[in-house]
Structure formats: C-alpha cells, structure tokens
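Have a look along with me, and I'll jot down what I find.

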Amino acid sequence: MNILRYPDKASWGSLTVRPHLNTEQLNDTVARILADVHHNGDNAVKRYEQQFDHAQLTDLEMAEEEKEAALQQVSPDLMQALLLAHNNIAAFHSAQRFSELKVETAPGVVCWQKSVPIERVGLYIPGGTAPLFSTVLMLATPAVIAGCKEIVLCTPPNREGHVNPAIVAAAQVAGVHRIFKAGGVQAIGALAYGTESVPKVYKIFGPGNQYVMAAKQQVSLHDVAIDMPAGPSEVCVVADESCRAEFVAADLLSQAEHGIDSQVMLITTSEQRLEEIQQQLSIQLDTLPRRETASKALESSHLVLVSTLDEAMELSNAYAPEHLILATAQSDLLAAKVVNAGSVFLGNYSCESAGDYASGTNHTLPTHGYARAYNGVNLDSFCRKITFQHISAEGVRSIGPSVEVMARAEHLDAHARAMAVRLKSLEE
C-alpha cells in the first residue's frame with residue numbers, strides 16, 4: 001500500500017482517484033454482444049454462455065425440479081443464516097414505506113404523490129469464484145416489499161449448466177419469481193431487450209465486472225433503467241488511537257479481496273496505529289485464499305496519516321467512498337460530519353461485512369465517487385412516484401391568472417388559453 005504522511009490538500013485529487021481501466025476496446029466488445037442478443041435472442045445468449053461460461057444449455061430458464069435439486073444441496077446452517085439476514089433486511093426496508101400526504105398548495109388546489117411499484121424488474125447476480133447470493137436478498141427483498149409483480153433473476157451457470165445452490169436458496173427465501181441461466185453482457189442484453197425466454201424488464205439491478213457495468217450503462221441510454229452507475233468495491237476507514245489494528249486490517253482486506261481493481265483507504269490520526277495496521281495487513285494477507293487478488297488491489301490503495309479527525313473527515317468526503325467505517329472513540333460525533341458516502345459503519349465492532357450480509361441495510365451502493373450524487377438501493381429504488389392534483393373552480397380563480405401570465409411570458413399561447421377558457425367560463 002502507498003503510505004502518505006500529512007499530505008497537503010493540493011495532493012488530495014490524486015489520492016481520491018480510483019484505479020483506471022482502458023474501456024475503449026471493452027465498450028466495443030460490449031456493444032457487439034448487446035447487438036447480437038438484441039437481434040438473435042436466446043440463440044445468441046446460449047452461444048455466449050458456451051463461449052464464456054463453457055455451459056451448453058438447452059433451456060435458459062431454470063425448471064422447478066432443478067430448483068428443488070439445488071435446494072437439497074444447501075446446508076441447514078446456511079439456510080438459517082439466509083432466513084435471519086432476510087428478516088433483518090425486510091425489517092429495515094419495510095420501515096421505508098412511503099406515506100401518502102395530500103397538500104392544499106392554494107385554495108382549491110390539492111396535490112399529492114402516490115408510490116407505485118415498478119411492475120417488472122431484473123436482478124443480475126454474479127456467479128463464478130464469488131457467487132453473490134447475499135445480493136439476491138438485498139435486491140429481491142425490497143422488490144417484494146415494494147410490490148413488484150415480476151422479479152426476474154439472471155446468473156451465470158457453471159460448466160455443467162447448474163446455478164449455484166446458495167443463489168437458488170436466497171431466491172426462494174426472498175421471493176424471486178423466475179431464474180435464468182445467463183451471465184455477463186448477454187444477461188444484461190436479455191433483460192434489457194427481452195428474448196424468446198427472458199422477459200424484457202423495466203429496470204436492472206445488481207453488481208458485476210467491468211463488462212457487466214459497461215453493458216448496464218449502454219442499455220440505460222435507450223432501453224431500460226438501471227439502479228446506478230457502479231464500479232469495483234471500495235472501503236475507507238477513518239481511525240484514531242482507539243481503533244483495533246487487527247479489526248481495521250481485516251476490514252481493509254475484506255474489500256481488497258473483491259477484485260484486483262478494488263481499492264481501500266485508511267485515514268488515521270495515529271502514527272502508531274498506522275504502523276500496527278500495516279503489520280496486521282501483512283500477517284492477515286498471508287492467510288487469505290484470495291491473497292493474490294487482495295495484494296493486487298492493495299497496490300493502488302493508500303494508508304494516510306493526517307493531523308486531526310476533522311481533516312480525516314474532509315478527506316473522506318472528498319473521496320466519497322462506497323463504504324465508510326468510523327473506527328474512532330466518538331464515531332457518533334464524526335457521523336454528523338459525513339456528507340459523501342454510500343453506507344457508514346460506526347465504532348470498532350461495526351464491520352462492513354455485517355452490512356454486506358445481515359444487519360439489514362442494503363449493500364448495493366454507489367462506488368467510484370458516485371456517492372457524491374447517488375444513494376444506495378432502497379425501497380424507493382423499486383418504485384415510481386406519480387403526482388396527482390385536483391383543481392376546483394376555486395383553485396382556478398386562485399392560481400389561474402398567474403398561470404396565464406407565466407404561459408404568455410414563455411410565448412406558449414396554447415398553455416395560456418387552456419387556463420383562460422376556464423377562467424372565462426367562471427364569469428358566465
């Protein structure tokens with residue numbers, strides 16, 4: 001990791017830059033695959049599944065008997081953990097339900113909003129070396145609470161054409177309606193355009209590698225909504241002398257193991273803790289099965305020593321991390337200073353892994369600095385707000401003249417006339 005002691009603010013710009021990948025060729029590849037899926041449907045998806053996942057598929061949709069066979073492979077302990085996590089996630093997201101309120105903005109003018117679920121949503125769940133079954137819970141649980149009528153899941157199969165059993169179990173627990181064996185760009189294309197088997201959805205959710213992220217962004221330009229722009233996982237830890245070096249190192253490595261393009265940052269006011277955390281990183285890294293991945297991620301990561309916690313929070317807000325851990329004695333006071341972050345974890349015992357799995361908050365979060373403008377997935381992500389208004393004759397009298405004046409000032413005479421004829425009718 002790169003160690004920086006008391007960097008001046010002029011250098012903060014370089015500190016907050018994420019690892020950069022050349023995406024020009026990648027975008028061309030993604031566009032070609034998407035076009036193929038758009039025009040050739042299931043056949044194209046099956047062809048790419050054979051090419052990329054080495055799976056020869058007859059049917060894309062997972063049959064009920066396949067689901068039952070997969071569920072038999074899930075241990076009771078894991079099923080119990082899934083149920084606990086689902087209950088906590090459901091409790092947190094249920095509390096976010098929208099309460100309709102009618103407002104009389106002027107005499108005779110009543111306005112209100114109604115929350116309406118998105119009818120059909122698509123969930124993308126990565127498979128491979130890290131099948132993210134926890135993401136199934138994070139996405140399907142609020143979708144069910146919101147009232148989405150159709151919840152479609154795509155995930156890559158293994159070489160034998162089977163879906164990871166834990167993903168199937170999480171889908172059953174959370175209430176997914178249909179599971180399709182498709183991964184990568186071809187899955188995003190299938191969800192965005194629809195195929196003979198896969199229904200076209202109205203919004204796509206879920207993480208993925210750089211190809212999946214590029215595909216989501218491309219289809220969002222014309223065809224379907226997406227949850228948010230996102231990239232590799234990241235964490236920032238703000239720590240003082242009260243932190244536990246062992247805990248902090250474990251938190252940093254928990255994100256570094258996601259991928260070689262992940263990034264982690266420590267900002268601390270303690271020279272002693274910085275050195276202890278550095279030592280712990282070396283010790284713990286040696287025992288990680290994914291140490292090669294984590295080591296690569298650490299090459300573009302930073303350990304930063306600053307003078308004060310106020311300065312630490314200023315740097316953290318400039319970085320705008322996906323995950324922020326406040327490993328400090330007075331984390332509640334620092335929490336009030338958080339402006340840019342996806343999800344915040346307070347105190348030495350609040351590890352980011354808890355949020356990834358079972359505390360109840362959602363782990364689908366903005367990365368790559370997008371936390372400056374985006375929030376993570378929540379119940380509203382699966383809903384639309386439709387506005388309503390009722391204007392009586394009294395309402396026409398109270399706002400009509402102003403509407404007419406404003407419309408004429410914008411040279412939109414038909415707009416003005418629509419109100420003028422109503423005003424005139426009230427004089428008859």
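This is a predicted model: local features need pLDDT of at least 70, side-chain atom pairs count only at pLDDT 80 or more; totals for chains, interfaces and linings use all residues.

How many disulfides does the structure hold? I found zero disulfides, a disulfide being a pair of cysteine sulfur atoms within 2.5 Å. For Cys148, the nearest cysteine sulfur belongs to Cys383 and is 6.7 Å away. Cys148 is buried, at 7% relative accessibility (buried means under 20% relative accessible area, exposed over 50%, partly exposed in between, with a 1.4 Å probe and protein chains only). I looked up Cys243 too: it is in no disulfide, and the nearest cysteine sulfur, that of Cys236, is 13 Å away. Cys243 is buried as well, with a relative accessible area of 4%.

Residues are numbered from 1 along each chain as its sequence is written, and side-chain values use heavy atoms, leaving out hydrogens and water.

Next, the sheet. In which order do the five strands of the open sheet stand? I read β6-β5-β4-β7-β8, with parallel pairing (strands are DSSP runs of E, at least two residues, and helices runs of H or I, at least four, numbered from the N terminus; two strands pair if DSSP finds at least two bridges between them). β6 and β8 (225-226) are at the edges with a single partner strand each, so one side of each has no neighbour in the sheet.

I then followed β5 (residues 150-155) and β6 (residues 178-181), which run parallel and are joined by four bridges. Val152 has Arg178 of β6 as its bridge partner, and Leu153 stands opposite Ile179.
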